[in-house]
Amino acid sequence: MARRAREKSKSGIYHIIMRGINRQVIFEEEEDKQKFLECLSHYKDICNYKIYGYCLMDTHIHLLIKESEEDIAAIMKRISVRYAVWYNRKYDRCGHLFQDRFKSENVEDEAYLLAVLRYIHQNPLKATMVEDLGAYRESSYREFIDTAKIVDSEFILRHFSHDRSRAMQGFVRFMSESVEDEPRLEYREQRKLKDEMVRKLIQEYAKVSSPIEIQAMNKSERDELLRGIKKMDGVSTWQIARLTGISQSVIARA
C-alpha cells in the first residue's frame, strides 16, 4: 500500500522527530552530536531553512524547522544521509542509521510554536538527564540565553517582547513552566543504559558468566545472540563491542 503523502504546512514550520532504526543509539559520544549539528549548519546555508529549536537525545532528534526553497523531505534526506555516512565510517558499520520515514507535524500558530519549543527543550529534564534546562548542552536552549549559532533566536524572542531584556525573561519563564499537555507528536526517550547494566543484561540473555564468552561461540550461535542483544532498548552497538570484544562491523552484520 502506498504511503500517505505528508501534509504540507501552511506556515512552512514543522516539528520533526528522527530516530534510530530499531531504536538504535545514534549518538555514542559528544563528537557525534557535534557532527550532527555541523550537518544542520552546513545545509542551512545551502537550503536556506530556518532552525527555531533542536534537542539531540541518545536515540532520537527533535527539530523545529522552517522550510524555504527546498521542501522538508528533501532537507531531512540531505541531513540524515550526510550524518549517516560519517557515522558508519567512524563506527565501521553499514546500512541505514535512521528509520526510513521521519515523523513530522505541522506548526501553524504562535501558541503551538512556543509549546512545541518548550516540549523540545524539556526532553532532557523529563528523561531525568539534567535538573536544569541550561545544563543540557545539546539543545537549542543555551543558544537563546547565550549566543545563537545555528538557531534563528530573534524570531522566537520577538513573540515575548520587542525589548530583548524583557523577551529573554519571558522566554526563560515560559520554557521553565511545568505543563501536563504534550504536543501531538510525542516520543518517549529510551535512555542509553550504563555499561554495568548492559553487561548484566547480556549475561542473563546469553547465559554466560562474561560477555567476552560470546567471542568463542560458533558464528550462527554468536550472530543469533547479537541480533537479540541489538534489539534491547537503550543498548548501543558500541557498548556491545566494548563489552564483548567483538568488532562493530561484525555486530552490524549479524
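Which element of the protein has the lowest mean pLDDT, and which the highest? I looked this up before anything else. Helix α10 (residues 248-253) has the lowest, 80, and strand β2 (residues 50-56) the highest, 97. pLDDT is the predictor's confidence in each residue, from 0 to 100. For the protein as a whole I noted a mean of 88, with 93% of residues at 70 or more.

**Conventions.** I worked on a predicted model, in which local features need pLDDT of at least 70 and side-chain atom pairs count only at pLDDT 80 or more, while totals for chains, interfaces and linings use all residues. Residues are numbered from 1 along each chain as its sequence is written, and side-chain values use heavy atoms, with hydrogens and water left out. Helices (H or I, at least four residues) and strands (E, at least two) are DSSP runs, numbered from the N terminus.

**Sheet.** I traced four strands in an open sheet, ordered β2-β3-β1-β4 with antiparallel pairing; two strands pair if DSSP finds at least two bridges between them. β2 and β4 (103-106) are the edge strands, each pairing on one side only. Neighbouring strands are turned by 15° against each other on average, direction ignored. Between β1 (residues 13-19) and β3 (residues 60-66), which run antiparallel, I found seven bridges. Methionine 18 has isoleucine 61 of β3 as its bridge partner.

**Helices on the sheet.** I recorded α1 lying across β1, β2 and β3, at about 170° to β2. Helix α3 (residues 110-126) lies across β1, β2, β3 and β4, at about 155° to β3. Axes are lines fitted to C-alpha atoms, for helices over the stretch in contact (heavy atoms within 4.5 Å), and angles run from 0 to 180 degrees between N-to-C directions.

**Lysine 44.** I located lysine 44 in helix α1 (residues 30-47). Lysine 44 counts as buried because its relative accessibility is 16%; buried means under 20% relative accessible area, exposed over 50%, partly exposed in between (1.4 Å probe, protein chains only). Leaving aside neighbours within four places in sequence, lysine 44 is in contact with Tyr49, Ile51, Ile150, Val151 and Asp152.

**Helix α7.** I checked the span of α7 (residues 195-206): at 1.5 Å a residue its 12 residues should span 16 Å, and its end C-alpha atoms are 16 Å apart, which agrees. The expected span is 1.5 Å times one less than the number of residues. The buried residues of α7 are Val198, Ile202 and Ala206. They cover an arc of only 50° around the axis, so they lie on the same side of α7; the arc is that of the directions from the helix axis to the C-beta atoms. Their cover includes α8 (219-230) and α9 (237-244). Just after α7, I noted a positive phi of about 55° at lysine 207.
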